[in-house]
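Hello,

Here is the model I promised to pass on. Please open it alongside this message, and my notes will follow below.

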Amino acid sequence: MLLENKVALITGAGSGFGRATALLFAKEGAKVAAVDINREAAEETVSQIEAAGGQALAIQADVADEAAVKAMVEETVEAYQSIDILFNNAGIYVPGNVEETPLDAFQKSLAINVTAAFLASKFAMPYLKENKGNIINTASAAGLIGFPDAVSYAATKGAVVSMTQAIAVDYASAGIRCNAICPGTGKTGMTNELLEDPDIAQGFLAPIPMQRFGEAEDVAKAALFLASDLGSYTTGHALPVDGGWTMS
């Protein structure tokens, strides 16, 4: 198993990329702290892990709140004595161009997509340093290329890419790796309703060379590579998992 005896803290673990990654990490031997703002969703992820013979803990937390993030890290360490892998996956998508996007929506995107990853990395870092652990951040193809009608999403995901690289440079000498995953359009709770409109779905599909939408498991497999020794010489990388979208 690729993650045997590792402890993985995963935010946004109640659905989508986070749940798929939590399930895969547990299958590969990790003890998982499944964090979500929705306690029932986190508990469902834990239930699925335990049903498959894995070990997991459900934590309810608003990752935009500093005290809650500090508490989720402490709860993970109290339960499992360490943290080896931090997957900052929680995020939101707010549509709208620069004229249409209210300031409070832009600030909420910053808080959940960027500040939350900063806070979790800050509070988990002492434990990651002890274990020469690693951080994975969910960015987006929108953080790498021009992305229409979602200025707050694009801005925050670009910030995640830059923050990933800064952390990677700062902590490489401590044996810590930090990478980002940049999904394209995937089938998750964030996009399912949007993609029900055939015209919108076709618009998102058109620029993808592989001509299919991503699955949550595609991101989970990329996260497993980055979290495990398979990715031991990879840091500061923004890995597109997008069916070729960002190269087209």
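To get you oriented, in which helix is Thr164 found? Thr164 sits in helix α5; helices here are DSSP runs of H or I with at least four residues, strands are runs of E with at least two, and both are numbered from the N terminus.

Before going further, a word on the ground rules. This is a predicted model, in which local features need pLDDT of at least 70 and side-chain atom pairs count only at pLDDT 80 or more, while totals for chains, interfaces and linings use all residues. Residues are numbered from 1 along each chain as its sequence is written, and side-chain values use heavy atoms, with hydrogens and water left out.

Back to Thr164. Thr164 counts as buried because its relative accessibility is 1% (buried means under 20% relative accessible area, exposed over 50%, partly exposed in between, with a 1.4 Å probe and protein chains only). Setting aside neighbours within four places in sequence, Thr164 contacts Asn137, Cys178, Asn179 and Ala180, where contact means heavy atoms within 4.5 Å. Thr164 and Arg177 are 13 residues apart in sequence, and their C-alpha atoms are 9.4 Å apart.

The overall picture

The chain has eight helices and seven strands. Its radius of gyration is 17 Å, which agrees with the value near 18 Å that a compact globule of 248 residues would have; the radius is taken over C-alpha atoms, and the globule rule is 2.2 Å times the number of residues to the power 0.38. The C-alpha trace spans about 50 × 35 × 35 Å along its principal axes. Of the 248 residues, 51% are buried. Among contacts between residues at least 6 apart in sequence, 71% join residues at least 24 apart.

The sheet

Seven strands form an open sheet in the order β3-β2-β1-β4-β5-β6-β7, with parallel pairing (two strands pair if DSSP finds at least two bridges between them). At the edges are β3 (55–60) and β7 (238–241), each of which pairs on one side only. From one strand to the next, the twist averages 20°; angles run from 0 to 180 degrees between N-to-C directions, and axes are lines fitted to C-alpha atoms, for helices over the stretch in contact.

Helix α2 (residues 39–51) packs on this sheet, where it touches β2 (31–36) and β3, and its direction makes about 180° with that of β3. Helix α3 (residues 66–80) lies across β1, β2 and β3 and runs at about 155° to β3.

Do have a look at β1. Five of its five residues are buried: Val7, Leu9 and Thr11 point one way, and Ala8 and Ile10 the other way. In a regular strand the side chains alternate between the two faces of the sheet. On one side, β1 is joined to β2 by five parallel bridges, with Ala8 opposite Val32. Strand β1 (residues 7–11) also has three bridges to β4 (residues 85–88), again running parallel, and Leu9 stands opposite Leu86.

In β4, Ile85 and Phe87 point one way and Leu86 and Asn88 the other way, all of them buried. Strand β4 pairs in the parallel sense with β5 (residues 134–138) over four bridges, and the partner of Asn88 there is Asn137.

Two cores

The largest nonpolar core has 35 residues, and those with the most contacts inside it are Leu9, Met72 and Leu128. (A nonpolar core is a set of buried Ala, Val, Leu, Ile, Met, Phe, Trp, Tyr and Cys residues joined through side-chain atoms within 4.5 Å.) At least two residues of this core come from each of β2, α3, α4 (103–131), α5 (151–171) and β6 (177–183). Helix α4 gives the most, with nine residues. Another core lies apart from it, with 30 residues that include Ile10, Phe25, Phe87 and Ala222.

Leu9 touches several residues beyond four places away in sequence, including Ala33, Val35, Met72 and Phe87.

One more residue

Ser109 belongs to helix α4 and counts as buried because its relative accessibility is 0%. Leaving aside neighbours within four places in sequence, Ser109 is in contact with Ile92, Val94, Val114, Ser152 and Thr156. Ser109 and Gly91, 18 residues apart in sequence, are 7.7 Å apart from C-alpha to C-alpha.

Best wishes
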